[in-house]
Amino acid sequence: MNIQDGYRFRAMMAGRIALLAGKLLRRNFEGTSRIEFKGTTDLVTETDYASEALVRDELARAFPGEQFMGEEGGGAAFDADLVWIADPLDGTTNFAHRIPHFSVSIACCERGEPVAGAVYQPINDDLFYGWKGGGAWRNGKRIHVSTQSDPMKALAVTGFPYDPTNCLDALVGRVRSVIPRTQGLRRLGSAAMDLCYIAAGLFDIYWETTLKPWDVAAGFLLIREAGGTITNYSGGPAPLNGGEMLATNTLLHPIALQMIQYHS
């Protein structure tokens, strides 16, 4: 098996395991799930833990001895030689409030670079996956970022940190800068899905701060393979643990940088 085939195999397995975890999320969505607070507004449910255990165990069966990092249980460093990174339930607040927009995200990384991954939205039965050099895919069809070059016809999406106390002015400033210069702005509550929608051309501009590797690893790969651009707010590289990320369809990246730097 050559390197490309190996990456593809890992993407297929990530997708298969994401589907299994998604079934668990869908089954628990209408039931009761014990809620805990990791912070003032940062929720975690028993479903988060159950999903992470499923993902971890399935990966261990498929790839014995390989390292794992999960949002809830921690584990290996994100930039280890080879590590699986998973967010077992991205959009926990939506899930806890019975809002049907959340996902499971699984990525394989080599020294901090995502090389294969999948994101699954179980309510819509929507599976995104991709691998290094192999493109980005949605339910078996190849996807690409949009070709929109006019910011006034561009749809933007963002997310808010759990604790905005120290960045509220900048957060509001960026929203004020973007809204009148684009067609509109959305906030859906799942960073992994926001990135997938950039990769699929549904959104054109995305930005967010206080991000973690499990939030963005799979989506980072999908955008890159779909022809998009990802940087930090200054236009430089955006490592998985960089905290801030701007992702676009590439054509709009220069103007998007101007928009979000307006109040940085």
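These legends describe close-up views of a predicted model.

**View 1. The eight-stranded sheet.** Eight strands form an open sheet in the order β4-β3-β5-β6-β7-β8-β9-β10. The pairing is mixed. β4 (74-75) and β10 (141-143) stand at the edges. Each has a single partner strand, so one side of each lacks a neighbour in the sheet.

**View 2. The pairing of β3 with β5.** Strand β3 covers residues 67-70. β3 and β5 run parallel and are joined by 4 bridges. Look for Phe-68: its bridge partner in β5 is Trp-84.

View 3. Helix α2 (residues 46-62) lies across β3, β4, β5 and β6. α2 runs at about 150 degrees to β5. Helix α6 packs on the sheet too. α6 touches β3, β5, β6, β7 (113-121), β8 (126-131) and β9 (135-138). The direction of α6 makes about 100 degrees with that of β7.

**View 4. The five-stranded sheet.** This open sheet has 5 strands in the order β12-β11-β13-β15-β14, with mixed pairing. Its edge strands are β12 (184-186) and β14 (229-231), and each pairs on one side only. From one strand to the next, the twist averages 15 degrees.

**View 5. β14, β15 and the helix across them.** β14 and β15 pair in the antiparallel sense over 3 bridges. Ile-230 stands opposite Ala-247 in β15. α6 lies across β14 and β15. Here α6 runs at about 35 degrees to β15.

**View 6. The largest nonpolar core.** This core has 40 residues. Ile-85, Phe-128, Tyr-206 and Leu-240 have the most contacts inside it. Elements that each supply at least two core residues are β5 (83-90), β6 (103-110), β11 (155-158), α5 (191-199), α6 (213-225) and β15 (245-248). The largest share, 8 residues, comes from α5.

**View 7. The surroundings of Tyr-206.** Which residues does Tyr-206 touch, leaving out those up to four places away in sequence? They are Val-157, Thr-158, Ala-191, Asp-194, Leu-195, Ile-198, Leu-211, Met-245, Leu-246 and Ala-247.

**View 8. Helix α1 and its start.** α1 (residues 3-29) has 27 residues. From its first C-alpha to its last, α1 reaches 38 Å, close to the 39 Å expected at 1.5 Å a residue. At the start of α1, a side-chain oxygen of Asn-2 comes to within 3.2 Å of the backbone nitrogen of Gln-4.

Technical notes. Residues are numbered from 1 along each chain as its sequence is written. This is a predicted model: local features need pLDDT of at least 70, side-chain atom pairs count only at pLDDT 80 or more; totals for chains, interfaces and linings use all residues. Side-chain values use heavy atoms; hydrogens and water are left out. A nonpolar core is a set of buried Ala, Val, Leu, Ile, Met, Phe, Trp, Tyr and Cys residues joined through side-chain atoms within 4.5 Å. Buried means under 20% relative accessible area, exposed over 50%, partly exposed in between (1.4 Å probe, protein chains only). Contact means heavy atoms within 4.5 Å. Two strands pair if DSSP finds at least two bridges between them. Axes are lines fitted to C-alpha atoms, for helices over the stretch in contact, and angles run from 0 to 180 degrees between N-to-C directions. The expected span of a helix is 1.5 Å times one less than its number of residues. A polar contact is a pair of N or O atoms within 3.5 Å; within protein, one must be able to donate a hydrogen and the other to accept it, and residues adjacent in sequence count only if both atoms are side-chain atoms.
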